Amino acid sequence: MTSLPSPQLTPEVIMAQIKRRYVKVPTARNMLTVEPIAAPTATWIEEKDLDGKVNFISGKGGFKKIYQNFQKKSISTVPYGVQFDVTRDEFNFQQYVTVDDKITSAINEFNSFENDYIWNSILSNPDIPTLNVAASWSDETAAKPLKDLQQAKMAIKAATKKRFSPTTVIVPSAVYSELLDFDFVTNALYNNRDVVATGAIPALNGMTIIENDDVDPEGVGQALVCIPGQLGKLMETYPFTVVSSGWEANQNPMIHSTYFMFAQTAAAITHPET
């Protein structure tokens, strides 16, 4: 006797499950500001440095002029996604666990790709302010992490004419471990009840410390000092979208339905100095 098809495995329910369980990757997406666009190409105006400054007014009443050059840039959004099938047997015989595993795997693959895509766009920009600190912080006696962070902070403030001050330091696990060897960090860890519970390093030089290996894909001990959300924009032609098709589209009667999850975006690094 054949079991009745499960309502939990209908296309409408599966697509709802995918959308509910999809989590926008926080560490990567938070680095950029999401901006929907109604075109396959994103354009923006990039500001150059100011030429001129405020000065005393001359005896004849003349004001100093300030010039600012602008450069128009563009980037094409790129589609990416993943698909999976639900077989006729899985649908008819209520194989929930198998289908659930497919949904989980597809979402994990999508999130991983999007995360890597955004981080690669950020780190491949030559103007991004990174620090190579693994070697310099490995010697507890000679290392001066607070001074290094302060110098990075000052460099960003100088590059932005004091308009921005970095709020976050993103370090890989190896560098995070190096910081745990310093007395000023361990003292804060053991003297703060909340810090002991979470294991998170407290703010240093007024900047939040985040552990994330994505910032150092080559494993060289690279850290990023920045203002999350200020580096640029994630231009979305199509945000995360889920669609399905039946067996007729696949011309395979043993496939009950196919599910596609996709997006079309472009990571535009418009303010790498921040």
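**Core, pocket and loop features of the predicted model**

Phenylalanine 84 is in contact (heavy atoms within 4.5 Å) with Ile14, Ile18, Lys102, Ile103, Ala106, Ser257, Thr258, Tyr259 and Met261, when its neighbours within four places in sequence are left aside. The model is predicted: local features need pLDDT of at least 70 and side-chain atom pairs count only at pLDDT 80 or more, whereas totals for chains, interfaces and linings use all residues. Residues are numbered from 1 along each chain as its sequence is written, and side-chain values use heavy atoms, with hydrogens and water left out.

The mean pLDDT (the predictor's confidence in each residue, from 0 to 100) of the protein is 83, and 88% of its residues reach 70 or more. Nine helices and 10 strands are present; helices (H or I, at least four residues) and strands (E, at least two) are DSSP runs, numbered from the N terminus. Confidence is highest in strand 4, at a mean of 96, and lowest in helix 8 (residues 193–198), at 55. Of the 274 residues, 36% count as buried, where buried means under 20% relative accessible area, exposed over 50%, and partly exposed in between (1.4 Å probe, protein chains only). Among contacts with a separation of 6 or more, 77% are between residues 24 or more positions apart.

In soluble globular proteins, nonpolar side chains tend to be buried together. A nonpolar core is defined here as a set of buried Ala, Val, Leu, Ile, Met, Phe, Trp, Tyr and Cys residues joined through side-chain atoms within 4.5 Å. The largest such core has 41 residues, and those with the most contacts inside it are Ile18, Met31, Leu32, Phe84, Ile122 and Met261. Two or more residues of this core are given by each of helix 1, strand 2 (41–51), strand 4 (78–87), helix 4, strand 8 (222–226), strand 9 (233–246) and strand 10 (255–268). Helix 4 supplies the largest share, nine residues. A second, separate core comprises 20 residues, including Val133, Trp137, Leu179 and Val185.

Alanine 106 is found in helix 4 and counts as buried because its relative accessibility is 4%. Apart from residues up to four places away in sequence, alanine 106 touches Val82, Phe84 and Met261. Its C-alpha atom is separated by 9.8 Å from that of tyrosine 22, 84 residues apart along the chain.

The second largest pocket holds about 150 Å³ of space. On a 1 Å grid over the protein atoms alone, a pocket is an open set of points where a 1.4 Å probe fits, with protein on both sides within 12 Å along at least five of seven lines, and lining residues have an atom within 4 Å of a point. Its lining consists of Gln8, Leu9, Val13, Ile14, Gln17, Arg21, Tyr96, Val99, Asp100 and Ile103. Helix 1 (11–21) and helix 4 (96–123) are the elements that give two or more residues to this lining.

Threonine 33 lies in strand 1 (residues 33–36) and is partly exposed, because its relative accessibility is 39%. Leaving aside neighbours within four places in sequence, threonine 33 is in contact with Gly229, Gly232, Lys233 and Leu234. Threonine 33 and glutamine 230, 197 residues apart in sequence, are 7.1 Å apart in space, C-alpha to C-alpha.

Glutamine 94, in the loop between helix 3 (88–92) and helix 4, has a positive phi of about 55° although it is not a glycine. Asparagine 205, in the loop between helix 8 and strand 7 (208–211), likewise has a positive phi, near 55°.

Conventions. Points joined across faces, edges and corners; volume = space filled by probe spheres on them.
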